[in-house]
Amino acid sequence: MRVALVVTFSGYAGSDVGPSLPGVIRDRERVSKALTNAGFAVTRIDDPDAAALTRAIASFQRNSAAADVALIYTTGHGVEIDGVPRVLLPYSRSDGTIAMTVTELARAARAREANLIFYAARRNRG
C-alpha cells in the first residue's frame with residue numbers, strides 16, 4: 001500500500017510572510033493527480049489552519065505506519081535557518097512559531113519500506 005499527504009500553503013494574504021502563491025494551486029493539482037496515477041492513496045490538505053494541520057499530520061502518521069511507502073509533498077513560502085529548512089505558515093501556531101521544520105513534517109511518514117518527502121518551496125536563506 002502507498003499513501004501520500006499533499007500539504008499546500010498558497011494563501012498568505014494578510015500575513016507578514018509574503019505574497020500569496022497562486023501557482024501552488026496548479027502544483028497541488030498536478031502532484032495529487034500524478035501520485036494517484038502512481039497508485040498512491042492521496043490525502044490533500046490545502047491552506048490548513050493550525051488545528052487542521054495538526055490533525056492531518058497525526059492521521060497521516062497513523063495511516064503511514066500500515067503502508068509500504070509513504071510520501072509527503074509540501075509547498076509554500078520557506079526559509080532555511082542554520083541549515084534547517086522550514087515551511088512558513090500564514091499564521092502563528094499555539095506555540096507562537098510561524099514555521100514548521102521539514103524534519104517535523106517528515107516524522108509523520110512511518111512506512112515499512114520507504115518514506116519520502118518533497119519540499120517545493122519558495123525559499124530565502126535567513
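Strand S1 (residues 2-8) runs parallel to strand S2 (residues 40-46), and the two pair over seven bridges. From S1 the chain goes through H1 and on to S2, a β-α-β crossover that is right-handed. Right-handed here means that, with the strands pointing away from the viewer, the path from the first strand over the helix to the second runs clockwise. Within the pairing, Val3 has Ala41 of S2 as its bridge partner. Strands count as paired if DSSP finds at least two bridges between them; the elements themselves are DSSP runs numbered from the N terminus, helices being H or I with at least four residues and strands E with at least two.

A word on ground rules: this is a predicted model, with local features needing pLDDT of at least 70 and side-chain atom pairs counting only at pLDDT 80 or more, while totals for chains, interfaces and linings use all residues. Residues are numbered from 1 along each chain as its sequence is written, and side-chain values use heavy atoms, with hydrogens and water left out.

Arg28 belongs to helix H1 (residues 23-37). Is Arg28 buried or exposed? Arg28 is buried, at 11% relative accessible area, where buried means under 20%, exposed over 50% and partly exposed in between (1.4 Å probe, protein chains only). If you skip neighbours within four places in sequence, the contacts of Arg28 are Val6, Thr8, Ser10, Arg44, Asp46 and Asp47; a contact means heavy atoms within 4.5 Å.

With a relative accessibility of 33%, Asp47 is partly exposed.

Strands S4 and S5 pair in the antiparallel sense over four bridges, with Ile81 standing opposite Val84 in S5. S4 is mostly covered, as four of its five residues are buried.

Asp82 lies in the loop between strand S4 (77-81) and strand S5 (84-88). The hairpin has two residues between its strands, and Asp82 takes a positive phi near 55° there. Asp82 is exposed, with 76% relative accessibility.

## Around Ala121

Ala121 is in the loop between strand S7 (114-119) and strand S8 (122-125), and is partly exposed at 25% relative accessibility. Apart from neighbours within four places in sequence, Ala121 is in contact with Thr75, Gly76, His77 and Gly78. Ala121 and Gly23 are 98 residues apart along the chain, and their C-alpha atoms are separated by 11 Å.

## The largest pocket

The largest pocket has a volume of about 160 Å³. For the method: on a 1 Å grid over the protein atoms alone, a pocket is an open set of points where a 1.4 Å probe fits, with protein on both sides within 12 Å along at least five of seven lines, and lining residues have an atom within 4 Å of a point. Points are joined across faces, edges and corners, and the volume is the space filled by probe spheres set on them.

Which residues line the largest pocket? They are Ala50, Leu53, Thr54, Ile57, Tyr91, Arg93, Ser94, Met100 and Glu104. Helix H2 (residues 50-64) gives the largest share of this lining, four residues. By type, the lining divides into five nonpolar, two polar and two charged residues; Ala, Val, Leu, Ile, Met, Phe, Trp, Tyr, Cys and Pro count as nonpolar, Asp, Glu, Lys and Arg as charged, and the others, Gly among them, as polar.
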